[in-house]
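Hi,

Here is the structure I promised to pass on. Have a look at it first, and then read my notes below.

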Amino acid sequence: WPERAIGFTLQSTSGAIATSGNYRNQYVVDGQTVVHTMDPRTGRPKQSNILSTTVLAEDCQTADAAATALMVMSVDEGQRWVQSRPDVHAAWFLTGPDGIVVRATDGMDSSIQHIEPRFKSQK
């Protein structure tokens, strides 16, 4: 994760927003980066290219739970889950060979006002 920066700004007049991420809570063990998000399916830290997820939902409980759950799903799996929930919208910060990418569902994409220019937006 690059130096501290605001990744994007959102505009919302109702609901709640929550973010979960591994970009600050990690450590290295035997040369392996270990994150703090645990995958309940394996009981082990979840390794993935997802740096963080931000969720917009009707209430804080839903937003917080969904943001954490999306950290352990693949992005494709998470997008399918969000699309099945009309009350939940999400965005992911992903790391890859081209740098950091922001991927958002349609409902979240329409709420994003500005994305940090160093990050690429991706559908």
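**What packs against H1**

The buried residues of helix H1 pack against strand E2 (16-21), strand E5 (38-39), strand E7 (50-57), helix H2 (75-83) and strand E8 (88-96). Keep in mind that this is a predicted model.

Which residues of H1 are buried? They are Thr62, Ala63, Ala66, Ala67, Leu70, Met71 and Val72.

H1 itself covers residues 60-72, which makes 13 residues. From its first C-alpha to its last it reaches 19 Å, close to the 18 Å expected at 1.5 Å a residue. Now look at the start of H1: a side-chain oxygen of Asp59 comes to within 3.2 Å of the backbone nitrogen of Gln61.

Next, follow E8 into strand E9 (residues 99-104). A hairpin of two residues links E8 to E9. The two strands run antiparallel, with six bridges joining them, and Phe93 sits opposite Val102 in E9. E9 is mostly covered, since five of its six residues are buried.

Last stop: Met108, in helix H3 (residues 106-109). Is Met108 buried or exposed? Its relative accessibility is 0%, so Met108 counts as buried. Setting aside neighbours within four places in sequence, Met108 is in contact with Leu10, Thr54, Val55, Leu56, His89, Ala90 and Ala91. Phe119 is 11 residues from Met108 in sequence, and their C-alphas are 16 Å apart in space.

Cheers

Conventions: Residues are numbered from 1 along each chain as its sequence is written. This is a predicted model: local features need pLDDT of at least 70, side-chain atom pairs count only at pLDDT 80 or more; totals for chains, interfaces and linings use all residues. Side-chain values use heavy atoms; hydrogens and water are left out. Helices (H or I, at least four residues) and strands (E, at least two) are DSSP runs, numbered from the N terminus. The expected span of a helix is 1.5 Å times one less than its number of residues. Buried means under 20% relative accessible area, exposed over 50%, partly exposed in between (1.4 Å probe, protein chains only). Contact means heavy atoms within 4.5 Å. A polar contact is a pair of N or O atoms within 3.5 Å; within protein, one must be able to donate a hydrogen and the other to accept it, and residues adjacent in sequence count only if both atoms are side-chain atoms. Two strands pair if DSSP finds at least two bridges between them.
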